[in-house]
Amino acid sequence: MTRKLIILTDPGQDQAAAILMILGQREAFDVLGLVATAGNISLDHTITNCLKLVELAGRPDIPVFAGCPQPIIRPLVMAEHVHGPTGLDGAHLPMPAIKVQQRHGVDFIIDTVRAHPGEITICSLSPLTNLAVALRKAPDIAGKIVEIVAMLGAYFEVGNITPTAEFNCYVDPEAADIVLKAGIRTTLLPLDVTHQMRSTPERLQAMLAFGNRCSVATAEMLEFSQAFDLGKYGWEGAPLHGPCVPAFMLAPEIFSGRLISVAVELNGTLTAGMTVADWWQITDRPKNVFYVRDGDPNAYYDLLIRSLGNLP
Ligand code: BDR
């Protein structure tokens, strides 16, 4: 069955890999639009990066919408130290010919969910700002979204932007809080699983070996962005976060997790943005998240590399 997707994204090389993976699976995914989010880099860059990626994939027909330029109440924290000054350094992608849509990304989410009740999956690779604002502006859409599948959070691996917080949650914890309390079926792909998906030299080489422009560009981008994490963790390959979202939708059997309660810490002076995951079911808080803890990295890279290989 083909899933209708709205993609929330602030690319980011790992998210470029995720977007291209999705576009390489046309039978599985019907992408109705990308909502550019402020996060890894400022909104003007993430808009340009989204436009570049749909063009790279030969899909200029997919509309790109601009979301909010900053989190709901906090100043924007970015990750240029990982992704470079454009957010998408590492490959030479031409400036896009297509333009961003006029409609705001939040309105695109609302209109699209209302037009397709019970049909839309929200694929979130970024902070959840735009979905949270959409839910506040149009609470009726909560009951019309099929599912949210999001790269966000951490429990066993704790944090990557602070000792206790994962980046997408840390940037806009109020947004994550709103979304996780909205009563929508939600799956989280946290650092606990993304840290298992390491881009070893053999895996990047296998990607390059396909030789098509999307595989080559993805390998080049990941070579750039992994430098920071290789230094930080000292592993043979860097974690590859974003593609866990489409991989979970395509092949849930290669992952495992539990339905648990996850809450977001908003006020902690040392722990703001932490996802407090009740893995051991210590509380009786409602189970609001399918929390993915483990995955099979070989199957994951096989799926990613084959998906990229379907593109130009
Ligand atoms: C997340 O943070 C960003 O820097 C990555 O693109 C990914 O979305 C991982 O914590």
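A salt bridge is counted where a side-chain nitrogen of Lys or Arg lies within 4 Å of a carboxyl oxygen of Asp or Glu. The legends below describe close-up views of a predicted model, in which this rule gives a count of twelve salt bridges.

**View 1. The salt bridge between Asp 111 and Arg 103.** The closest N and O atoms of Asp 111 and Arg 103 are 2.8 Å apart, and the two residues form a salt bridge. Asp 111 has a relative accessibility of 35% and counts as partly exposed, and Arg 103 is likewise partly exposed, with a relative accessible area of 37%.

**View 2. The salt bridge between Arg 3 and Glu 147.** Here the side chains of Arg 3 and Glu 147 meet with an N to O distance of 3.1 Å. Because Arg 3 lies in strand E1 (residues 3-9) and Glu 147 lies in strand E5 (residues 145-151), the pair ties together parts of the chain that are 144 residues apart in sequence. Glu 147 has a relative accessibility of 5%, and so counts as buried, since buried means under 20% relative accessible area.

**View 3. The salt bridge between Arg 74 and Glu 174.** The side chains of Arg 74 and Glu 174 meet in a salt bridge, with 2.7 Å from N to O. This pair links distant parts of the chain, 100 residues apart, with Arg 74 in the loop between strand E3 (64-66) and helix H3 (80-83), and Glu 174 in helix H7 (residues 173-180). Arg 74, at 25% relative accessibility, counts as partly exposed, whereas Glu 174 is buried, with a relative accessible area of 13%.

How values were computed. Residues numbered from 1 in each chain as written. Predicted model: local features only at pLDDT ≥ 70, side-chain atom pairs only at ≥ 80, totals over all residues. Heavy atoms only, no water. Helix = DSSP H or I, 4+ residues; strand = E, 2+ residues; numbered from the N terminus. Buried < 20%, exposed > 50% of the residue type's maximum accessible area, 1.4 Å probe, protein only.
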